[in-house]
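Dear colleague,

I am handing over the structure below, and my notes on what was found in it follow directly after.

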Amino acid sequence: MLRSDGMKWHLLTDDIPHTLAELRSLLLTTRQITDEATFFAPRHPTDITLAEVGIDQEQMDLAIKRIDQARKSKEEMLVFGDYDADGISSTAILWQTLYALGCNVKPFIPHREKHGYGLSNRALDEILAKKKPALIVTVDNGIVAHEPAKRLQAAGVDVIITDHHLPEATLPHALAIIHSTKLCGATVAWMFARELAAALGEKVGGKSASVNSALDLGGLATIADQVPLQGANRSFAYHGVRAIRMTKRVGLIELMKLAELTQNSITVTDVNYGLAPRINAMGRLEHGLEALRLLCTSKLETAQRLASTLADTNVRRQDLTSEMVEQARQEADSWKDEHLIIVSADNYHDGVIGLIAGRLMEEYYKPAIVISVTGDIAKASARSIPGVNIVELIREVKSDLLEVGGHPMAAGFGFESKKLQVVKSRLLALAKARIDAAKLEPKIDVEAVLPFELINEELADFLTQFEPFGQGNRMPIFGLRQARVLDAFTMGRDHTHLKLVISSSEAQGRVKPIYTVGWRMGHLAQKLKAGMLIDIAGAVEINEYKGRRNVQLLIKDVVLAEN
């Protein structure tokens, strides 16, 4: 049967707005927005100071001085990135800036299976076996790479670390560390590129006097990395989306075409579900270097070929993820009384364990850890719920781990396979002790219950002024009570998704039917019968497809209505 309990709706106000003016006032209040001018017109990233985002000016000056020295003497430099959308964007931003400044610089994207994550010894084995660079600059990684940094120091290679991940109590040895937890990796790299361009641009004829052309990648990465969209991050996302709409970057343009996205009206949702997954897919299943080439190429034919490769790889990633999520679900009984989901298998692909963890977290509303056990080393990826700092929880068992890093909401770690049961037992015990059971009750913040008459294109267009939405500026979720089901059917390649047509039970005939879509809710189609009354919560948005523009409700929760 259809769930009759559903999620707990946390209504942010009992008031029911009847006009857009009333709704605007309500949203400003529930979001505690006091500076309307800055919120609705965020400053351009060029105006954001280093101090505002916690980047140390002295460290920046040291890094610029070393880059200038390397530029003048034509020393070989390496930009060492990461294989996800943030790391690939970071690499593209800094590498293209340094190249424009006349530096002898190459990019390096580690291969997930061959090198592992970040500035690893396996990656350094390959780098140092070739022509040894004089300088390595990390982007989106390195802040916990203590041993590799020591190794480079011993080998006579200078290191500049740029990163945004949570540091440990001590920092790695490096010539300079440009670090901020207030940004994503790519925008830390963008700030570095901005300062380099300002300091050194004139020395090369002003060729790199501006890095505004890289704002498209800064915006893409900010959205893809799910950082809180407040303060500087809101500025990067806001102006970054506008930069994507105007970008001349042929790789992004071709990728948007394959994803059937309209460039001049692209949204945060389009980036999250259309662009980022295709870029991430290469690092998950193949080599992220191909995604970097896509972002950096100026050749149309190359862009078309690479965009097609990314799209095909993403389809394989989707199939693999679905298969492994289904496998993980078979263990659901084992974690029903736990405060943390942990699943492990020797056939879980390293490239999708984070996605599996995310799906399990969403479905069961518990922090989730998925472990791939291959050979002597086990690799794990974790995703969390609001209020549970997963990386800090994992660091409490650091004595049994080889490495750990990440954010409060997402983390990765590795350990010796023989310690699997020890690590699982310790983490489950910690979760029971540290995670309040009340935090594990599925809940959803609902801004307000709306009258059906207010659900229209005018409302959807009005809501765009509050974009970009993401962590720290949630997409508004609204409730509809006593909705009558008119039709329900599935959509998608595997009938995975739900299409639902509803209307007001009280104002039938006076308001248009409302079309809704529920991603990965296709299993509900047979349970939702015509005439049934439901309560539904969702986000109001515009669906643009092949030139047609319609309002739709993106379903977040659907339950039987109370009589």
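In helix H11 (residues 250-258), the buried residues are Val250, Gly251, Leu252, Glu254, Leu255 and Met256, where buried means under 20% relative accessible area with a 1.4 Å probe and protein chains only, and where helices are DSSP runs of H or I of at least four residues, strands being E runs of at least two, both numbered from the N terminus. Their cover includes helices H9 (215-224), H10 (231-246), H12 (268-285), H13 (289-296) and H14 (300-329). Just after H11, Glu260 has a positive phi of about 55°.

Please keep in mind that this is a predicted model, in which local features need pLDDT of at least 70 and side-chain atom pairs count only at pLDDT 80 or more, while totals for chains, interfaces and linings use all residues. Residues are numbered from 1 along each chain as its sequence is written, and side-chain values use heavy atoms, with hydrogens and water left out.

The model also holds an open sheet of five strands, ordered S3-S2-S4-S5-S6 with parallel pairing (two strands pair if DSSP finds at least two bridges between them). Strands S3 (104-108) and S6 (176-179) are at the edges with a single partner strand each, so one side of each lacks a neighbour in the sheet. Five bridges join S2 (residues 76-80) to S3 in parallel, and Phe80 has Phe108 in S3 as its bridge partner.

Finally, a search of the whole structure finds zero disulfides, a disulfide being a pair of cysteine sulfur atoms within 2.5 Å. The sulfur of Cys103 is 15 Å from the closest cysteine sulfur, that of Cys296, which is too far for a bond. Cys103 is buried at 6% relative accessible area, and Cys296 is buried at 18%.

Best regards

Definitions and conventions: Buried < 20%, exposed > 50% of the residue type's maximum accessible area, 1.4 Å probe, protein only. Contact = heavy atoms within 4.5 Å.
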